Amino acid sequence: MSTSILSYRTRGWLRMSVEKQDTLLKMAVLSLAAILSFSCRLFSVLRFESVIHEFDPYFNYRTTKFLAEEGFYSFHNWFDDRAWYPLGRIIGGTIYPGLMVTSASIYHILNWLHITIDVRNVCVFLAPFFSSLTTIVTYHLAKELKSPGAGLVAAVMIAIVPGYISRSVAGSYDNEGIAIFCMLLTYYMWIKAVKTGTLFWSTMAALAYFYMVSSWGGYVFLINIIPLHVLILMITGRFSHRVYVAYSTLYVIGTILSMQISFVGFQPVSTSEHMGAFGVFGLCQIHAFVDYVRSRLNKAQFEVLFRAVISTVAATGVLVLVMLTAMGKIAPWTGRFYSLLDPSYAKNNIPIIASVSEHQPTAWSSFYFDLQMLTFMFPVGLYFCFSNLTDENIFIILYGVLSIYFAGVMVRLMLVLAPVMCILSGIAVSSMLSTYMKQIDEVKTEKKKTKFEGNYFMRSEIATFFVCVMSVFLVMYTLHCTWVTSEAYSSPSIVLSARGHDGSRIIFDDFREAYYWLRHNTPQDAKVMSWWDYGYQITAMANRTILVDNNTWNNTHISRVGQAMASTEDKAYEIMQELDVDYVLVIFGGLTGYSSDDINKFLWMVRIGGSTEKGTHIKEHDYYTPAGEFRVDKEGSPTLLNCLMYKMCYYRFGQVYTEGGKPPGYDRVRNVEIGNKDFELDVLEEAYTTEHWIVRIYKVKDLPNRGA
Amino acid sequence: MCALTTIHRGSMRLLVCLVVAVTGVVAAQDGINKDLINKKIERKLDISSQLVKVTQKITLENGGPAPVRAFLVTLTQVEKDKLSYMNVQSGSSVLKVSEAQVAEHRDLAFFRVDLRDPLQPGKTANVEVEMIMTQLLEPYPAYIQQGEKQLVRYTGNHYVLTPYTTTTQTTTVTLPSPNIESYSRLKPTTHTDTSITYGSYEGVAGFTVDPMTIHYENNSPFLMVSKLERIIEVSHWGNIAVEETLDVLHTGAKLKGPFSRYDYQREHNSYSSIKSFKTIIPASAKDVYYRDEIGNISTSHMRIQDDAVELDLRPRFPLFGGWKTHYKIGYNVPSYEYLYSSGDEYILKMRILDHVFDDVTIDELKLTVILPEGVRNVAFETPYPMERLPDTVHYTYLDTVGRPVVSVTKRNLVESHIQDFTLHYKFPAILMLQEPLLVVIAFFILFLTVILYVRLDLTLSKDDATEAKMRVSSHCEQVHTHHEKRARLYEKLEEEIQKLKSSKDVTHSQTATKKIQGSIRDETQAISDLSAKIRLDNAEYAEKVAELQKLDKTLRESVVQQLTNVEKLVAGKMSKQQYMDAEAPLHKKKEEALEKIKVLLGNI
């Protein structure tokens, strides 16, 4: 009597059809990726606190606060007299308002729902939130390009890719944070529009493009790559009614919408950067017309007509373009674009562009650092795209190739490259995995049948091995990304931290100390002079008027500040009186070893100072030793040792012992004993110096009484 | 008096001491009782901190024929303007003080103190007057350099200002250090280490004034809270959140010339500057934060002690004379320590203000209490008069109608004002459910919307192919359900067979098995019906269902066969050996059929 009772039931507790399981799996992976992309950006907030951590975003934060409090119209008409004294700045007309409008809307909606979160927290968490959205859009984009599987892999990859995280951690509140989302959204809509050829998707693409224009200057990349895609489609003979509808709609609606942003204004019809799009729009019409005519005429007639029209149109087009450029109707390309095409352009011509570290060409190592396995998965993805060439694959190939060039030119554009790397790698990984996974499966189920078809040696084993290797790669990628995020991209710049001798964490909170001192202990209308890097921070945190800031729109003004810093005290006093300066602020790292201080930036001040007419007396070589070195010790050039910047940084530093066994006045950044020690300031007096001497603030003395 | 009665009639009873509002009080007219004599006055003047603390021990004597009910305390107008706190005690009982005016002395300020028991002729009474005045010490010089010591000047009266003749009086002045620049002398005057004694003086007539000046070194922190906003947010879920926003100003001698960090770090001689101060908050405080507009202030320490939490707050920068800063501290305390209830009635008893630092002076205090949503009948009682501001409504997480907010304000406070307020209100317990329900409803609506959205088909044209697909999939789903039911019935049938084996009760078993077999037939019929329906849309799946039915038939047949075998065995119509032989192939058949069914169902 040992017959056991058989189980008649066929399903477990989770009763689901295959489609439902599929949906559940996709949703689960996607939502986990979205949550992951949000949470892995929180390192800096968890380690420090929920504040804006970077320098530049302080401006965005300040404007968002203004928008949230004062409303859109006063924001639009805002003339900021706190910056660029005495010129001021029209904020409403000189920024991309997308970021501010987005956060202000989120803030208002949440508060309308009585979720009383303040503007600062909305700003801090906006970038991680938008990264989650980017993850979802990436899934859809890659799904359109290849398959849902590729979409999932791409989504998971973009969730943690360091190249994107570097610009979107919590507390870095910058345009790029939402711009990448907008860009991918536009691409997705565009691909949809090309695939379907419907007005609906084309219009959606135009709206997404409008959002992109409103949020980042990088929209120019979009308005060049989409026409280029259309052009390539035309050349390869893939031009169709779908493409015609998609592009014509996108261009017309998109251009009209983009002109609503006051910073963009009439640029889409007047500058060279946008001319490509316009030209392709015209070509589209011609191509469609030609197709129409061709369908009505016989071949010989058509040939004649075609030649005649083409030559006339080309000739007039070129002529008109040249004339307009000569007459100044079409602005020539701006400096940043020249430097995109010719990396050495900026260095030779515009010091202010070259002085920004993120405008430097990218080092090879940083490709690997920011993208890891994506760098070698990228060509594989390209291969898979080429092997199955479709309209949309052409687009992603184009995007990949162009952005890898741009990323090589400028570090900043790594950001544009990261998404396409993820998508192409997603396609590659997913294609390879699905190929090999099938091999493992088939051998198992059809063992008997395929026994004699063994055209592959050890098919299952090799497939298993390959899948294992791929998994190892993916795990390595995850580990690398987490490590990079945690170590490199999550340390705030407003708070510096170091390890003490006993391993405890020492915090240098000097920036905020100084800005807070300015905020509470100087007159409301005090004018502060500093190098432009600290402009946004001073206006936002110290709420004081500044002369120049990170919006480097007026080179002459910045140059004037550079001249003041590079001159002797007397000359500088004249400039400071002319500019009505009350306080001067310098960043000095000699005591703590903080290397990005003003002495290390000083050569840029000299170069920028000397680049304008008024500063011709400032020559870079005066600040070098005869041997051509930049030194602050006794060997240093006397011009350097007596200029205002030197004096402000090293005032009374000559008496300080910084390191054991070294003489007083030993600079820990440049590792030398300073050359000019015991001097007094005539026209300035020390107003405040922070605990670790990182920020030093000087008060400009009044003119002496006559006869005194 | 008016002010007192109009604000809180009810709180009058609770008055334990009285602090006089600075202005706006219409005082009662009083005359000076010539019969009263101060037999003895011992005055103590403590000017060692930024405050001026005056204690007068007065022995009053009634020299006239009639009993005396009240006496007057006199101050100069300047002193009255700076007066923050006044308390008059006789023994341990606190006496009622009210502002008064005397027609002949318009330039002076008077307070009438009502004695507890009328002073009978010829008798004496001892009273103790305690006063605290702020901002009375004047930095002199008003501007000093970083390394200089802070000197202040006190200007007063060698005699106690009183309307009555004083028989004998002494004044003792307490100083922070022995360093005195100069002091006025009126014999007999003695100066020992940190104190100066004036007197005793005999037979001083009323209103006698002899200017006293003491110019001395005072490096104690001259720190004033120019504005303190204290917000208490009560939650009935067990937490009370306290947040204080403070504007702090150094009111000592202002810094002249540069601030040198080098000297500051090297010499430690910045006498009057303030590097840090201690704030004591309740022992049960949790989640303490210390921040300002630009983020967390990283330079603070917290020490948890038995009876309190001590915060060592260091502003971002040291405070020199004339420098100011602004910060927030906040913490949570459990509500059971401060909130008392009986049914729906609640009483909140908390401090009007808490300790900020020692010898604090607060120019303006605003206390705001945010109560839970739905609170009614709010009654606010304070131990001393405060100006009640209009009630407002505050909205935060999960609020619908908003939380009632009660706020009061008062100027010029010192440590002696750290006392409890009482807030009575009514809160129906049922409202506790409001917030969880709100969340539940919100999620319910969300899910409902998703469910509707997924099922909603707004397309204009009919898509036959998709619809057929959906129909098939729903039918297949039903096939699965029916099959599952059938499988359960088979299991029951097997159980019956086992039971039969042990009980050998054929008749009972037969009724049971008949019933089960009937149900199995019903399910099979249902699947066949579904199969017919599927055939209309998708022949392939219908085929599979038909195959399923076929397999099921073999399965059923073998089970029924088993049943009959067992019946036979029980009835003795079959030998055990025969039964065993028949059983084995049947079992195998069943297993095979089941395996196939599983594969088949996986594909449907």
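**Exercise 1. The contact between the chains**

How many salt bridges are there between chain A and chain B? Work from the predicted model. Then describe the contact itself.

*Solution.* 

Step 1. Start with the charges. Side chains of opposite charge can pair when their charged atoms come close. Between chain A and chain B, the count is five salt bridges.

Step 2. Look at an example. Arg652(A) and Asp263(B) form a salt bridge, with N to O at 3.0 Å.

Step 3. Between chain A and chain B, 25 residue pairs are in polar contact, both residues being at pLDDT 80 or more.

Step 4. Find the elements of chain A that take part. Both α25 (510–521) and β10 (684–689) of chain A supply at least two residues each to the side that touches chain B. The largest share of that side comes from α25(A), with seven residues.

Step 5. Sort the residues by type. The side of chain A that touches chain B has 15 nonpolar, 11 polar and 13 charged residues.

Step 6. Count the residues on each side. Chain A gives 39 residues to the contact, and chain B gives 54 residues.

Step 7. Give the area. The size of an interface is often given as the accessible area lost when the parts come together. Here chain A and chain B bury about 4,600 Å² between them. Carbon and sulfur atoms account for 53% of that area.

**Exercise 2. Salt bridges inside a chain**

Take the pairs Lys192(A) with Glu144(A), and Glu494(B) with Lys590(B). Which helices do they link, and are their residues buried or exposed?

*Solution.* 

Step 1. Begin with the total. Over all chains, the count comes to 55 salt bridges.

Step 2. Take the pair in chain A. Lys192(A) and Glu144(A) meet in a salt bridge of 3.4 Å, N to O. Lys192(A) lies in helix α10 (residues 175–196), and Glu144(A) lies in helix α7 (residues 119–145). They are 48 residues apart, so this pair links distant parts of the chain. Lys192(A) is buried because its relative accessible area, 18%, is under 20%. Glu144(A) is buried too, at 11%.

Step 3. Take the pair in chain B. The closest N and O atoms of Glu494(B) and Lys590(B) are 2.4 Å apart. This pair also links distant parts of its chain, 96 residues apart. Glu494(B) sits in helix α5 (residues 464–503), and Lys590(B) sits in helix α8 (residues 576–603). Glu494(B) is buried at 4% relative accessibility. Lys590(B) is buried at 1%.

Step 4. Look for shared partners. One network of salt bridges joins Glu49(A), Asp509(A), Arg512(A), Asp292(B) and Arg316(B).

Step 5. Arg120(A) and Asp118(A) form a salt bridge at 3.6 Å, N to O. Arg120(A) is buried, at 14% relative accessibility. Asp118(A), at 33%, is partly exposed.

**Exercise 3. Cysteines without a bond**

How many disulfides does a search of the whole structure find?

*Solution.* 

Step 1. Recall the bond. A disulfide is a covalent bond between the sulfur atoms of two cysteines.

Step 2. Give the count. The search finds zero disulfides over all chains.

Step 3. Check the distance for Cys182(A). Its closest cysteine sulfur, in Cys123(A), is 16 Å away, which is too far for a bond. Cys182(A) is buried, at 1% relative accessibility.

Step 4. Cys385(A) is buried at 1% relative accessibility.

Methods. Residues are numbered from 1 along each chain as its sequence is written. Chains are lettered from A and ligands numbered from 1 in the order in which they are written. This is a predicted model: local features need pLDDT of at least 70, side-chain atom pairs count only at pLDDT 80 or more; totals for chains, interfaces and linings use all residues. Side-chain values use heavy atoms; hydrogens and water are left out. Contact means heavy atoms within 4.5 Å. Buried area is the accessible area (1.4 Å probe) that two parts lose on being put together, summed over both. A salt bridge is a side-chain nitrogen of Lys or Arg within 4 Å of a carboxyl oxygen of Asp or Glu. A polar contact is a pair of N or O atoms within 3.5 Å; within protein, one must be able to donate a hydrogen and the other to accept it, and residues adjacent in sequence count only if both atoms are side-chain atoms. Helices (H or I, at least four residues) and strands (E, at least two) are DSSP runs, numbered from the N terminus. Ala, Val, Leu, Ile, Met, Phe, Trp, Tyr, Cys and Pro count as nonpolar, Asp, Glu, Lys and Arg as charged, and the others, Gly among them, as polar. A disulfide is a pair of cysteine sulfur atoms within 2.5 Å. Buried means under 20% relative accessible area, exposed over 50%, partly exposed in between (1.4 Å probe, protein chains only).
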